[in-house]
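Q: I have a model open and want to learn how to read it feature by feature. Where do we start?

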Amino acid sequence: MKYSTAVSSSRSKSRKAHFSAHSEARRKLMSANLSKELQARHGVRSMPIRKDDEVVITRGVYKTREGKVTACFRKKFRVHVERITREKVNGTSVPVGIPASSLTITKLKMDKDRKAALERKNRNKDGSGERSGDDAAMSNVD
């Protein structure tokens, strides 16, 4: 059931918005889940993936393989991971593009912007744990 009248539920409009998204929007679309330890430590479920993050592949032919992200191609919605390559017919090896949704981040490359993003997204903060009176009253209703 559609809840918001401001958002279309049309498949074609959703696909158009996805594939014609600009680079900054694609960064957010190319997010990957954090590992259970990182989720517990930072209180964040997922983060946009970036170069030099360490990841484990969770779906597909290369499942359970680990490596460092060597490149993120926003235009193709693909990520290249270290040591995940295939041989071409002429013998050269090329990196295999893996969708960001098929990855789990095991180690984040930290810098000041990433730290700030984790602080902003943290769900276990003192302030966000409080509920207003209306929310607490409505939690019993069913």
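A: Start with a helix and its cover. The model is predicted. Helix α4 spans residues 112-121. What covers its buried residues includes α3 (36-42) and β2 (46-48).

Q: Which residues of α4 are buried?

A: In α4, the buried residues are R114, A117 and L118. Seen down the axis of α4, they fall within an arc of 100 degrees, so they line one face of the helix.

Q: Which exposed residues does the face turned away from the buried side of α4 carry?

A: That face of α4 carries K112, D113, E119 and R120. Take two of them with their numbers. K112 counts as exposed at 68% relative accessibility. D113 is exposed too, with a relative accessible area of 53%. The cut-off for exposed is over 50%.

Q: What joins the side chains of D113 and K112?

A: They meet in a salt bridge, 3.7 Å from N to O.

Q: How many salt bridges are there in total?

A: The count comes to four. Another of them joins R50 and D111, whose closest N and O atoms are 3.0 Å apart.

Q: Why does the pair of R50 and D111 tie together parts that are apart in sequence?

A: Look at where each partner lies. R50 is in the loop between β2 and β3 (54-57), while D111 is in the loop between β7 (103-107) and α4, so the pair ties together parts that are 61 residues apart in sequence. R50 is partly exposed, with a relative accessible area of 27%. D111 is partly exposed, also with a value of 27%.

Q: What about R83 and E82: how do their side chains meet?

A: R83 and E82 meet in a salt bridge, at 3.1 Å from N to O. R83 is exposed, with a relative accessible area of 55%. E82 counts as partly exposed at 32% relative accessibility.

Q: Now rings. How many aromatic pairs does a search of the whole structure find?

A: The search finds one. The partners are F19 and F77. Read two numbers for such a pair: the distance between centres and the angle between planes. Here the centres are 6.2 Å apart and the planes are at 85 degrees, which makes the pair edge-to-face.

Q: Where do F19 and F77 lie?

A: F19 lies in helix α1 (residues 11-19) and F77 in the loop between β4 (66-73) and β5 (78-87), so the pair ties together parts that are 58 residues apart in sequence.

Q: Is F77 buried or exposed?

A: F77 is buried, with a relative accessible area of 12%.

Q: What sits over the ring of F73?

A: The charged end of K76 does, 5.2 Å from the ring centre.

Q: Where is the place of D52?

A: D52 is in the loop between β2 and β3. It counts as partly exposed, at 31% relative accessibility.

Q: What does S35 touch, leaving out residues up to four places away in sequence?

A: S35 touches T104, I105 and T106. S35 itself lies in the loop between β1 (31-34) and α3. It counts as buried, at 8% relative accessibility.

Q: Let us step back to the whole protein. How many helices and strands are there?

A: There are six helices and seven strands. Along the sequence, the pattern runs α-α-β-α-β-β-β-β-β-β-α-α-α.

Q: What share of the residues is buried?

A: Buried residues make up 27% of the 142 in the protein. For the surface, read the area and its makeup. The accessible surface comes to about 10600 Å², and 49% of it belongs to carbon and sulfur atoms.

Q: And which share of contacts joins residues at least 24 apart?

A: Count the contacts between residues at least 6 apart in sequence. Of these, 47% join residues at least 24 apart.

Note on methods. Residues numbered from 1 in each chain as written. Predicted model: local features only at pLDDT ≥ 70, side-chain atom pairs only at ≥ 80, totals over all residues. Heavy atoms only, no water. Buried < 20%, exposed > 50% of the residue type's maximum accessible area, 1.4 Å probe, protein only. Helix = DSSP H or I, 4+ residues; strand = E, 2+ residues; numbered from the N terminus. Arc of directions from axis to C-beta. Contact = heavy atoms within 4.5 Å. Phe/Tyr/Trp six-rings, centres within 6.5 Å; stacked < 30°, edge-to-face > 60°. Lys NZ or Arg CZ within 6 Å of the ring centre and 35° of its normal. Areas by Shrake-Rupley, 256 points an atom, 1.4 Å probe, with all protein chains shown as cover.
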